Amino acid sequence: MKVLLGYESAELNIKNSRFLAEAFIAESQAQARDILHSQKQKYADATHVVHAFVTGKNAEVNGMSDDGEPSGTAGRPMLDVLKGSGITNIMVTVTRWFGGTLLGTGGLVRAYSDSMKAVIEKCQTEELIEKKSFSFTADYSQYENVRHLISFYHIGELREDFSSGVEISGNIWLSEYEEFAQKLKDLSRGMICI
């Protein structure tokens, strides 16, 4: 499975209707619901805000909605394309502004599928790697050695807070966590424990 690295969008115009496809990182059904709520508020002038999402390590949680389009013509085709992409923890909305020409059921299926394909093609992804959060406090005297050690591992969302000591937090690949914890302990002669 792959995961989305960040927001992406694509726009299609089909028979005067505007279709804006937007992809968001969504790691849970609740997060997808929040994104949808925000999109509906943002695009209150739109005719429809259709969505599809896939979350979970094995893409086991998914959902979609036609948002007033004829049943099965919008959300289901989008979800089918999304499932076929191999991307998880993603939410895609396609916002439609009606242009005055009816597309018919086949036309709607193509329009929403093509919108989904267009945004998926632009998405930057990486392989899904399980990560574990960590935090610890180091003395200022240990800080440079700790920073050097950190450079050898796959660490993301690194945060440092300088107060009485240096509070360091972030996430690390799960496969590297135990070794990293042990090296920190060895480096600090047992003073740093995650």
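Which side chains meet in a salt bridge at 2.7 Å, N to O? In this predicted model, in which local features need pLDDT of at least 70 and side-chain atom pairs count only at pLDDT 80 or more, totals for chains, interfaces and linings use all residues. Residues are numbered from 1 along each chain as its sequence is written, and side-chain values use heavy atoms, with hydrogens and water left out.

The side chains in question are those of D67 and K40, where a salt bridge denotes a side-chain nitrogen of Lys or Arg within 4 Å of a carboxyl oxygen of Asp or Glu. Because D67 lies in the loop between β5 (61–65) and α2 (75–85) whereas K40 belongs to helix α1 (residues 29–42), the pair ties together parts that are 27 residues apart in sequence; helices (H or I, at least four residues) and strands (E, at least two) are DSSP runs, numbered from the N terminus. With a relative accessible area of 23%, D67 is partly exposed, and K40, at 35%, is likewise partly exposed, the classes being buried under 20% relative accessible area, exposed over 50% and partly exposed in between (1.4 Å probe, protein chains only).

In total, the structure holds seven salt bridges. One of them joins E8 to K122, with the closest N and O atoms 4.0 Å apart, and this pair links distant parts of the chain, since E8 is placed in strand β2 and K122 in helix α3 (residues 104–122), 114 residues apart. K122 counts as partly exposed at 41% relative accessibility. A salt bridge is also formed between K131 and E126, whose closest N and O atoms are 3.7 Å apart; K131 is partly exposed at 44% relative accessibility, as is E126 with a relative accessible area of 34%.

K132 is found in strand β9 (residues 131–138) and, at 34% relative accessibility, counts as partly exposed. Not counting residues up to four places away in sequence, K132 touches G170, N171, I172, L174 and Y177, contact meaning heavy atoms within 4.5 Å. K132 and G170 are 38 residues apart in sequence, while their C-alpha atoms are 8.4 Å apart in space. K132 also lies over the face of Y177, at 4.8 Å from the ring centre, where a charge sits over a ring if NZ of Lys or CZ of Arg is within 6 Å of the ring centre and within 35 degrees of the ring normal. In a further arrangement of this kind, the charged end of R18 sits over the ring of W97, 4.2 Å from its centre.

A search of the whole structure finds eight aromatic pairs, defined for rings of Phe, Tyr and Trp (its six-membered ring) with centres within 6.5 Å, and classed as stacked for planes under 30 degrees apart, edge-to-face over 60 degrees and tilted for the rest. Y7 and F24 form a tilted pair, 5.3 Å centre to centre, with 55 degrees between the planes. This pair links distant parts of the chain, with Y7 in the loop between β1 (2–4) and β2 (8–14) and F24 in strand β3 (residues 17–25), 17 residues apart. Y7 is partly exposed at 46% relative accessibility, whereas F24, with a relative accessible area of 16%, is buried. The pair of Y140 and F162 is stacked, because the ring centres are 6.3 Å apart and the planes stand at 25 degrees. Ring pairs additionally link F134, F136, Y153 and F180 into a cluster.
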